[in-house]
Amino acid sequence: MGAPVWHTPNLSPAVSLHRLDLATIDALARGDLSLARGSSGLALDPHLVAPGSRGVWQIRSAQLDAHPEHGPWITRALTLGDEVVGKAGFHGPPEPGTGMVEIGYSVAPERRRQGLARAAFRLMRAVATHAADVHVLRATVSPDNAASRSLVLSEGLVEVGEQWDEEDGLETVYEIRLD
């Protein structure tokens, strides 16, 4: 899980997920794109410091402060070639007992509807499938997010319930067993 870059060249489009260090995550959480670009060495997209994204980085920053071992599992920069087109990753390591990991992804608005979220989803599924301690892949989707709902359903996940998220509100929970 500690690989700095996850990629599957046989995906189309061929995306990669680049692990970000704590300095970069902290800079993104503060909305300091310039500092984040400098510490990561990536041409990070402004979408990563938009109001909806900053909350994710604030959560991940606090998570890493409390649990540095979660670093290999959490949100990464999503790239297509040298271009950062969004973010994607897991919310944390597999839950003890269930082996569940939850995925999250977001593509820059100008790059949506190009198959990038699907490619990121498939890459994360491949990573989860090859991790011995992962048994369930989960995605939570806002009921009004038709594009994400369509994506997770087309990738074989099934609705298992609903939950209330303090940050995102009502979410539909989808899962698939990987073993």
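Q: At what angle do α1 and helix α2 (residues 33–40) pack?
A: In this predicted model, local features need pLDDT of at least 70 and side-chain atom pairs count only at pLDDT 80 or more, while totals for chains, interfaces and linings use all residues. Residues are numbered from 1 along each chain as its sequence is written, and side-chain values use heavy atoms, with hydrogens and water left out. Helices are DSSP runs of H or I with at least four residues, strands are runs of E with at least two, and both are numbered from the N terminus; axes are lines fitted to C-alpha atoms, for helices over the stretch in contact, with angles from 0 to 180 degrees between N-to-C directions. The axes of α1 and α2 lie 8 Å apart, and the packing angle is about 165°.

Q: Are α1 and α2 roughly parallel or roughly antiparallel to each other?
A: Angles under 35 degrees count as roughly parallel, over 145 as roughly antiparallel, 65 to 115 as roughly perpendicular and the rest as oblique. The angle here is about 165°, and therefore α1 and α2 are roughly antiparallel.

Q: Which residues of α2 make the contact with α1?
A: Contact means heavy atoms within 4.5 Å. On the α1 side the contact is made by A23, T24, A27, L28 and R30, and on the α2 side by L33, L35, A36, S39 and S40.

Q: Is the crossing of α1 and α3 left-handed or right-handed?
A: The axes of helix α1 (residues 22–30) and α3 come within 8 Å and cross at roughly 140°, so the two helices are oblique to each other. A crossing is left-handed if the near helix is turned anticlockwise from the far one by less than a right angle, and right-handed if clockwise. By this rule, the way α1 passes α3 is left-handed.

Q: How are α4 and α5 oriented to each other?
A: The axes of α4 and α5 come within 11 Å and cross at roughly 40°, in a right-handed crossing. The contact is made by A117, R118 and F121 of α4 together with L151, V152 and S154 of α5. The orientation of α4 and α5 that follows from their angle is therefore oblique.

Q: Which element gives the most to the lining of the largest pocket?
A: On a 1 Å grid over the protein atoms alone, a pocket is an open set of points where a 1.4 Å probe fits, with protein on both sides within 12 Å along at least five of seven lines, and lining residues have an atom within 4 Å of a point. The largest pocket holds about 1,200 Å³ of space, and of its 40 lining residues the closest to its centre are G104, Y105, S106, N145 and S148. Among the elements that give two or more residues to this lining are α3 (51–66), α4 (116–129) and α5 (146–154), but the most, six residues, comes from β5.

Q: What volume does the second largest pocket have?
A: The second largest pocket is lined by H91, G92, P93, P94, E95, P96, M100, V101 and E102. Grid points are joined across faces, edges and corners, and a volume is the space filled by probe spheres set on the points; for the second largest pocket this volume is about 150 Å³.
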